Number of protein chains: 2
Amino acid sequence: MKHYKAYLIDLDGTMYRGKQPIPEAKVFIDELKFRQIPFMFVTNNSSRTPELTQEKLINFGIEAESVQIMTASLATASLIKEEKPDATAFVIGEDGIIKALEDKGIKVVDKDPDYVVMGIDRDNTYKKLVEACVHLQNGATFIATNPDIKVPTEKGFVPGNGAFATLVENVTGMKPEIVGKPTGHMLYIALEQLGVEPSDAIMVGDNYQTDIQAGIRANMDTLHVQTGVTSQEELRQYSVQPTYSIKTLADWFD
Amino acid sequence: MKHYKAYLIDLDGTMYRGKQPIPEAKVFIDELKFRQIPFMFVTNNSSRTPELTQEKLINFGIEAESVQIMTASLATASLIKEEKPDATAFVIGEDGIIKALEDKGIKVVDKDPDYVVMGIDRDNTYKKLVEACVHLQNGATFIATNPDIKVPTEKGFVPGNGAFATLVENVTGMKPEIVGKPTGHMLYIALEQLGVEPSDAIMVGDNYQTDIQAGIRANMDTLHVQTGVTSQEELRQYSVQPTYSIKTLADWFD
């Protein structure tokens, strides 16, 4: 096994399963710490701040610094900051994205924004969607934190951010730049923060279509773990395979 | 020219253009009245009641009884009434659809509906869309008043009912039954009310992809008028042509 200088790691299905712990995940993280290998969690969730995710991980016995949590919101803010340091943004989204943008000095505005940023917003309204459509038709740049169309809940599937971003795309004819998985943007930004080249790092996750795809697109090696969405059988159907696929994270550091 | 026993007539682009009158339209309607030929307006608008549309027409000098206005909402209520007379419905929509359903004795409910009915709702929220998705996954039947993805306004395109219906379809995997144009449902229901067979009636409209398509699907003859969306040049590209195409409605009763 190659020595990787950094690990990027998915959360749900990899570190825990909904509200259930995955015991091998804690052992894996403890081993990374013991070997002092840098790592960062990468999540498409745009509504939670890193601090809230940090608290969630502690419930599963996994301790991480808040700087070790890269969210699609933080990555979106970094991306905009890089493109246009004094940018303004009209935002559909919750605390996670609004705080991330403001922390980077991006002004959240209602009028004449440079960007329209969409993240999941459980207070979304017809009026907000109209405004997003109008701003885009007036020339704003369209960014979506993540493309998830539907999110599983105990009541069934409910709309994810991708469902609303697609609605706005259908009305305006404009495709959003997607920051979260399965694109490589968020992973590149995480690696930049760690100062590690993609070729020296590995992306760990359970979901081929998001985690492994993102790793592949970010030119990283990939480690698929069979504790979540994509089974070993399903994995075989894909023409581009992950670098490794293991049953649980206990099989990694032997 | 064949004698038609009834005329179904589109509104915007055919009777008026946005806020502008089309003088030939008034002459055409006056001629229908003079000849005592039954006619009915058919509109995909689901938010306005027939009475509000009646008022709008009077501004352009066109007088009609409210029973001569068939909306996608009235047609939706008739369709449900036919399928299940004691049905309940969860509704995303405005006054037009809610009143139409209640007038037909269909109970508008929040829990365990037989139908999820979607019409344009300018008070739409994330919560309403979640509820629609959940009801559908619990077995409700999905009906959309009309499929319009985008609606032109002076500020640009804004989302139409079809944009939200598509969002719910993307999340649930369930396709709605569409009542308005370009399907034939609304036209069949209008003709049923007039007691005229489709083969004895004609559909009049400016938009090939909605009005003329709906007429074709309802097995009616069709009259395309070049005062709105579809130009004579554009019309040529379609393999199935309308029965007639004329420059203005003044060219019809010569």
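In chain B, the charged residue B:K150 lies over the face of the ring of B:F157, at 4.4 Å from the ring centre. A charge sits over a ring if NZ of Lys or CZ of Arg is within 6 Å of the ring centre and within 35 degrees of the ring normal. In chain A, the charged end of A:K150 sits over the ring of A:F157, 4.4 Å from its centre.

This is a predicted model, in which local features need pLDDT of at least 70 and side-chain atom pairs count only at pLDDT 80 or more, while totals for chains, interfaces and linings use all residues. Residues are numbered from 1 along each chain, chains are lettered from A in the order in which they are written, and side-chain values use heavy atoms, without hydrogens and water.

Chain A can be laid on chain B with an RMSD of 0.0 Å by a turn of 180 degrees and a shift of 0.1 Å along the axis, the superposition being by least squares on the C-alpha atoms of residues with pLDDT of at least 70 in both copies. The two copies are thus related as by a two-fold rotation axis. Of the residues of chain A, A:T125 comes closest to this axis, at 2.2 Å (C-alpha).

Aromatic rings form a further theme. Rings of Phe, Tyr and Trp (its six-membered ring) pair if their centres lie within 6.5 Å; planes under 30 degrees apart count as stacked, over 60 as edge-to-face and the rest as tilted. By this rule there are 20 aromatic pairs over all chains. Two of them are given in the table.

| Pair | Centre distance | Plane angle | Class |
|---|---|---|---|
| A:Y126 and B:F164 | 5.9 Å | 35 degrees | tilted |
| B:Y7 and B:F28 | 5.9 Å | 70 degrees | edge-to-face |

The pair of A:Y126 and B:F164 crosses between chains, from helix 5 (residues 126-137) of chain A to helix 6 (residues 161-172) of chain B. Helices (H or I, at least four residues) and strands (E, at least two) are DSSP runs, numbered from the N terminus. Both A:Y126 and B:F164 are buried, a term that means under 20% relative accessible area (1.4 Å probe, protein chains only).

The other pair links distant parts of chain B: B:Y7 is in strand 1 (residues 6-9) and B:F28 in helix 1 (residues 23-34), 21 residues apart. B:Y7 is buried at 1% relative accessibility, and B:F28 is buried at 1%.

Key:
Buried < 20%, exposed > 50% of the residue type's maximum accessible area, 1.4 Å probe, protein only.
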